[in-house]
Amino acid sequence: MSTIITHSGTFHADEALAVFMLQSLSQFQDANVTRTRDEAVIATGSVVVDVGGVYDPATLRFDHHQRGFTETFDSKHDIKLSSAGLVYKHFGRKVVASILKWDATDPKLELVYQKTYDDFIEGFDGSGNLPLNDVDNGVSQYPPDLRPKYRDGTSISSRVAKLNPWWNQPSNEAVLLEGFLKAVALTGTELTERVRYTALAWLPAREIVETGLKTRFNLHPSGHIIAFDTFCPWKEHLHLLETEHTIPTTQAPLYILYPDESGKWRIQAVPQAPESFVSRKALPEVWRGVRDAALSELSGIPGCIFVHASGFIGGNATREGALAMALKALEM
């Protein structure tokens, strides 16, 4: 029977997740888990993670503590990999396909694999910024001259750390193994949820935004307006897709139209960056803070509901009205 070996003693989130990922693969799904620092036992392992001082994918050795270790996910990332990152780098596509029950040749698989690393796995590779966290790499999210104003003890690494016995509780390998297996389940549940969200919510939203981006000239020759038939999270997708499709600034979208939960329509100004509060072209200043009939009279557009005081969003009763607001805003 196969054996997955990791280190004994205090456990961390990265090797817990590494073990979960390995056990999600058919070749290791029935593997025993052994926690040890005995080099003779380590040498017998079918696969070894987070211990042993060797990184060698050919022999299934995935440690990152050794001197001279510099492996990153790819040339676009500069954080050194933890044992979770190492296992994900070499087995992540199979893990994602297993979770989603997708064929390994599915063309959508690569996007989900890459996005899951960026949004989830990389946090395991870099974590260590919290006082409760003695995770291996310890890459701070903040410059050293900045001190966080509060502590967040709810991160996955912190929650895994708390599954270890307290300093004043009885501790032996049996107790630690019990806690470690809980950590494997915890990290695995969160990975599974992240992969499913990425594939079943994030990816469909990307497809909606990409379709809107490609067809926007059908709405207006400037390319500055996109209309979605349904709401979806669009800001991150739009900025990423603009880069991927090399959209020139002169043709970049300025306004997004979409229906809200009541069936009425919104017009939203595109921000300069996904997290920015500064719009590329805010709705006209003269409309801001005006509502309903007063706004319709002022703008000359029927069905107006509101324009926010900052000009980043407005509303109209109909799609046609929202489009009319966008067209007039382009001219002002």
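**View 1. The backbone nitrogen of Asp-38 lies 2.9 Å from a polar atom of the Thr-36 side chain.** A polar contact is a pair of N or O atoms within 3.5 Å; within protein, one must be able to donate a hydrogen and the other to accept it, and residues adjacent in sequence count only if both atoms are side-chain atoms. The model is predicted: local features need pLDDT of at least 70, side-chain atom pairs count only at pLDDT 80 or more, and totals for chains, interfaces and linings use all residues. Residues are numbered from 1 along each chain as its sequence is written, and side-chain values use heavy atoms, with hydrogens and water left out. Thr-36 sits in the loop between strand S2 (32-35) and helix H2 (39-42). Helices (H or I, at least four residues) and strands (E, at least two) are DSSP runs, numbered from the N terminus. Thr-36 is buried, at 12% relative accessible area. Buried means under 20%, exposed over 50%, and partly exposed in between (1.4 Å probe, protein chains only). Leaving aside residues up to four places away in sequence, Thr-36 touches Ile-5, Thr-6, His-7, Ser-8, Val-41, Ile-42 and Val-51. Contact means heavy atoms within 4.5 Å.

**View 2. Helix H6 covers residues 173-215.** Its 43 residues should span 63 Å at 1.5 Å a residue, and the end C-alpha atoms are 60 Å apart, which agrees. The expected span is 1.5 Å times one less than the number of residues. H6 has a kink of about 35 degrees, centred on Thr-198. The bend at a residue is the angle between axes fitted to the seven residues ending there and the seven starting there. At the start of H6, a side-chain oxygen of Asn-172 comes within 3.0 Å of the backbone nitrogen of Ala-174.

**View 3. An open, mixed sheet holds 5 strands in the order S6-S7-S8-S10-S9.** Strands S6 (225-227) and S9 (304-307) stand at the edges with a single partner strand each, so one side of each lacks a neighbour in the sheet. Neighbouring strands are turned by 15 degrees against each other on average, direction ignored. Axes are lines fitted to C-alpha atoms, for helices over the stretch in contact, and angles run from 0 to 180 degrees between N-to-C directions. Two strands pair if DSSP finds at least two bridges between them.

**View 4. Strand S10 (residues 313-316) pairs with S8 (residues 265-269) in the antiparallel sense over 4 bridges.** Arg-266 stands opposite Gly-315. Trp-265 has Asn-316 as its bridge partner. S9 and S10 also run antiparallel, joined by 3 bridges. Here Val-307 faces Gly-314 of S10 as its opposite residue. The hairpin of S9 and S10 has 5 residues between the strands, and Gly-311 takes a positive phi near 80 degrees. In a regular strand the side chains alternate between the two faces of the sheet. In S10, Ile-313 and Gly-315 point one way, Gly-314 and Asn-316 the other, and all are buried.

**View 5. Asp-50 and Thr-246 have positive phi without being glycine.** Most residues other than glycine have a negative phi. Asp-50, at about 70 degrees, lies in the loop between strands S3 (47-49) and S4 (55-56). Asp-50 is buried, at 1% relative accessibility. Thr-246, at about 50 degrees, lies in the loop between helix H7 (235-244) and strand S7 (255-259). Thr-246 is exposed, at 64%.
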